[in-house]
Amino acid sequence: MIVILILGILAGLIVAGILAGIFLGFFGADFKMTKDDLTIEFVNSEVYDSEGNLLCTLNGNEKRKLVSLEQMPKYLPKAYVAIEDERFYEHSGVDIKRTGAATATYVLHGGKSSFGGSTITQQLVKNITDDDEDSALRKVKEMARAIQIEKELSKDDILELYLNIIFVGGNNVNGVALGAEYYFNKEVSDLTLAECTVLASITSNPSRYNPITNPENNNTRRQIVLQNM
């Protein structure tokens, strides 16, 4: 009965927070976000000679190469959705069920949870804003912004941005295109199903699930990705 009561209270707080975020999203600048705010600032520049040969690649603090969904193998976005946000195509930016479960697990296990409640859209917002503040207010802002973004962009556009911005490990290697080059020395379009699941397994903890330094951990998570797919 106590557990049910706690879950009921948590569900109420989550819904109230989302509604408050939506309301403040219309009236508070800190809660607003439009598609114009979703820009990836750091992208590699490539220098070629007159014959089209690559001479060098220039980058700043972040290394990234942009690619479209059409340039990715069909299994790659499916793998990320399977492990990061299985109801991505069903929710409107916030997955109430997952958020509630993550919050309940966090409370019932003394501040520890084996999974997060953020959707792919929320993760995109967090990566764009670079807001890592650990607070309830930040989470409400993230939810409000995610809901607004879902009204302006298609699911495919959101997924494409997400796959281009995420950190994949190494020395500031970001996005699946450079991830494919870094881990497999090949173009992202040439990734196999197995390699797609390897990349998708990294996201939640690039150090722990690094396929080079921690292959067993990556393999365990890769099996979960395949099962979910």
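**Note on the predicted model**

1. Of the 229 residues in the chain, 44% are buried. The model is predicted, and the points below should be read with that in mind.

2. The mean pLDDT of the chain is 80, and 66% of the residues reach at least 70. Residues 44-48 fall below 50, yet this stretch still makes 22 contacts in the model beyond near neighbours in sequence.

3. On secondary structure, the chain has 9 helices and 5 strands. Their order along the sequence is α-β-β-β-α-α-α-α-α-β-β-α-α-α.

4. The largest nonpolar core comprises 36 residues. Leu76, Tyr80, Leu163, Val176 and Leu199 have the most contacts inside this core. At least two core residues come from each of helices H2 (75-84), H4 (120-129), H6 (155-165), H7 (176-184) and H8 (193-202). The biggest contribution is that of H6, with 6 residues.

5. Beyond its neighbours within four places in sequence, Leu163 contacts Leu69, Met72, Pro77, Tyr80, Gly175 and Val176. Two of these partners, Tyr80 and Val176, are also listed with Leu163 among the core residues with the most contacts.

6. For the chain as a whole, consider contacts with a separation of 6 or more: 61% of them join residues 24 or more positions apart.

Conventions. Residues are numbered from 1 along each chain as its sequence is written. This is a predicted model: local features need pLDDT of at least 70, side-chain atom pairs count only at pLDDT 80 or more; totals for chains, interfaces and linings use all residues. Side-chain values use heavy atoms; hydrogens and water are left out. A nonpolar core is a set of buried Ala, Val, Leu, Ile, Met, Phe, Trp, Tyr and Cys residues joined through side-chain atoms within 4.5 Å. Buried means under 20% relative accessible area, exposed over 50%, partly exposed in between (1.4 Å probe, protein chains only). Helices (H or I, at least four residues) and strands (E, at least two) are DSSP runs, numbered from the N terminus. Contact means heavy atoms within 4.5 Å. pLDDT is the predictor's confidence in each residue, from 0 to 100.
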